[in-house]
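Keep the viewer open as you read.

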Amino acid sequence: MSAVSSRLPVFPWDRLEPYKKTAAAHPDGIVDLSVGTPVDPVPELIRQALVAAADSPGYPTVWGTTELRDALTGWCERRLGAVGFTHRNVLPVVGSKELVAWLPTQLGLGAGDRVAYPRLAYPTYEVGARLCGAEPVVYDDPTELDPAGLKLLWLNSPSNPTGRVLGKDELTRIVAWAREHGVLLFSDECYLELGWEAEPVSVLHPDVCGGSYEGIVAVHSLSKRSNLAGYRAAFVAGDEAVLAELLLIRKHGGMMTSSPVQAATVAALGDDAHVTEQRERYAARRAALRTALEAHGFRIEHSEASLYLWATRDEPCWDTVAYLAQLGILVAPGEFYGTAGERFVRVAFTATDERVEAAVKRLG
């Protein structure tokens, strides 16, 4: 076994392949509700911006164009409630997964350092810790962690996989605790614009951070809100000292968002209409799948935001995965997100209207 493979968990999605084959054998084809990748078209104004910037023979800058930084700061102030943002408070990244996976390494963490993330969480938080040799630590309440050696604290609200939203008071308490103990806090807010039964709040909101961004950084992505998963468009915002360090490292590493994608990001963040339209699509799919699952005997927990339903039949998750695969429906086992998810499955509502309708019929 190589040195790399010995310190990383098995890539979870490889384990789903046999069930994918079963689901694909359904006479009416597979309904893939597992990965959660967008399937709807990229909005036309974003594609036009990408094409208009296609003649980009020179290297892009890591920090991005002035227009991009204007778009990032403007969106943070308009959508997140951030106050007094400047270009030093934002930094584009090449997709949020890249940032999550390599952040501990870029921060210089290693053996003896600890990285904490929710007990039920996106697997890449753990991967990022392991890549640099730091100790991954899970929590139920981060303020109950031993702060000794804790260098990085991940929040994720709305949560992937559960859709749980941390309230403003809870966020305020966690930010205060992290600052008290000198722990750098990164808040993964990639699903913030997809609240259904709750209104997600950013750690950058003045009611949470007190108008200071010291020690806090928010992570945002355009993959879900603008159907740009294929563009790898994301950014971080917050503590300018932390971002200045990351900017320097990323300059040396050549971690540049392409010029056409930078232009597309400007267009995407400057338009709210396409986000509203996409939300309406997801809301209809969510309602249809939730009704069908509950009528079929599933219980849905949390799921007040994000693009997923956190569902259970009170049995081992792989049994549920196998059962649904026989119906031609592929879902993600909750175990992918931690042992606390062993009796749940994550059901994405990112399939087309036609495929969602097919799933509803099969469940009925």
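Axes here are lines fitted to C-alpha atoms, for helices over the stretch in contact, and angles run from 0 to 180 degrees between N-to-C directions. With that in hand, helix 5 and helix 6 pack at an angle of about 35 degrees, their axes being 7 Å apart. Please bear in mind that this is a predicted model.

**Helix 5 against helix 6**

- On the helix 5 side, the contact is made by Lys 97, Val 100, Ala 101, Trp 102, Pro 104 and Thr 105.
- Helix 6 contributes Thr 124, Tyr 125, Gly 128, Ala 129 and Leu 131 to that contact.
- Sorted by class, the contact of helix 5 with helix 6 has seven nonpolar, three polar and one charged residues.

**The largest pocket**

- The largest pocket holds about 660 Å³ of space.
- Its lining counts 30 residues, and those nearest the centre of the pocket are Lys 97, Tyr 122, Thr 124, Asn 160 and Lys 224.
- Helix 5 (96–106) and helix 6 (124–131) each give at least two residues to this lining, and helix 5 supplies the largest share, four residues.
- By class, the lining of the largest pocket divides into 17 nonpolar, eight polar and five charged residues.

**Cavities**

- There are four cavities of 30 Å³ or more.
- The largest cavity has a volume of about 60 Å³, and the residues lining it include Trp 75, Glu 189, Cys 190, His 220, Arg 225 and Leu 269.
- Six nonpolar, two polar and three charged residues make up the lining of the largest cavity.
- For the second largest cavity the volume is about 50 Å³, and among its lining residues are Leu 68, Leu 72, Pro 92, Val 93, Phe 235, Gln 262 and Thr 265.
- Helix 4 (66–80), strand 2 (90–93), strand 8 (234–238) and helix 10 (259–269) are the elements that give two or more residues to the lining of the second largest cavity.
- That lining has eight nonpolar, three polar and no charged residues.
- Leu 222 lines the largest cavity, and Leu 222 also lines the second largest cavity.

- Seven strands form an open sheet with mixed pairing, in the order 2-8-7-6-5-3-4.
- Strand 2 and strand 4 (135–139) are at the edges with a single partner strand each, so one side of each is left without a neighbour in the sheet.
- From one strand to the next, the twist averages 20 degrees.
- Strand 5 (residues 150–156) and strand 6 (residues 184–188) run parallel and are joined by five bridges; Trp 154 stands opposite Phe 186 in strand 6.
- Helix 4 packs on this sheet, touching strand 2, strand 7 (216–221) and strand 8, and its direction makes about 110 degrees with that of strand 2.
- Helix 9 (residues 240–253) also packs on the sheet, where it touches strand 2, strand 6, strand 7 and strand 8; the direction of helix 9 makes about 35 degrees with that of strand 2.

- Another open sheet is formed by four strands in the order 9-10-13-12, with antiparallel pairing.
- Strand 9 (299–301) and strand 12 (332–333) stand at its edges, each with a single partner strand, so one side of each has no neighbour in the sheet.
- Three bridges link the antiparallel strands 9 and 10 (residues 308–312), and Glu 301 stands opposite Trp 310 in strand 10.
- Helix 11 (residues 273–295) packs on this sheet and touches strand 9, strand 10 and strand 13 (345–348), its direction making about 5 degrees with that of strand 10.

Notes: Residues numbered from 1 in each chain as written. Predicted model: local features only at pLDDT ≥ 70, side-chain atom pairs only at ≥ 80, totals over all residues. Heavy atoms only, no water. 1 Å grid on protein atoms, 1.4 Å probe; cavity = no way out; pocket = protein on both sides within 12 Å on 5 of 7 lines; lining within 4 Å. Points joined across faces, edges and corners; volume = space filled by probe spheres on them. Nonpolar A, V, L, I, M, F, W, Y, C, P; charged D, E, K, R; others polar. Pairing = 2+ DSSP bridges. Contact = heavy atoms within 4.5 Å.
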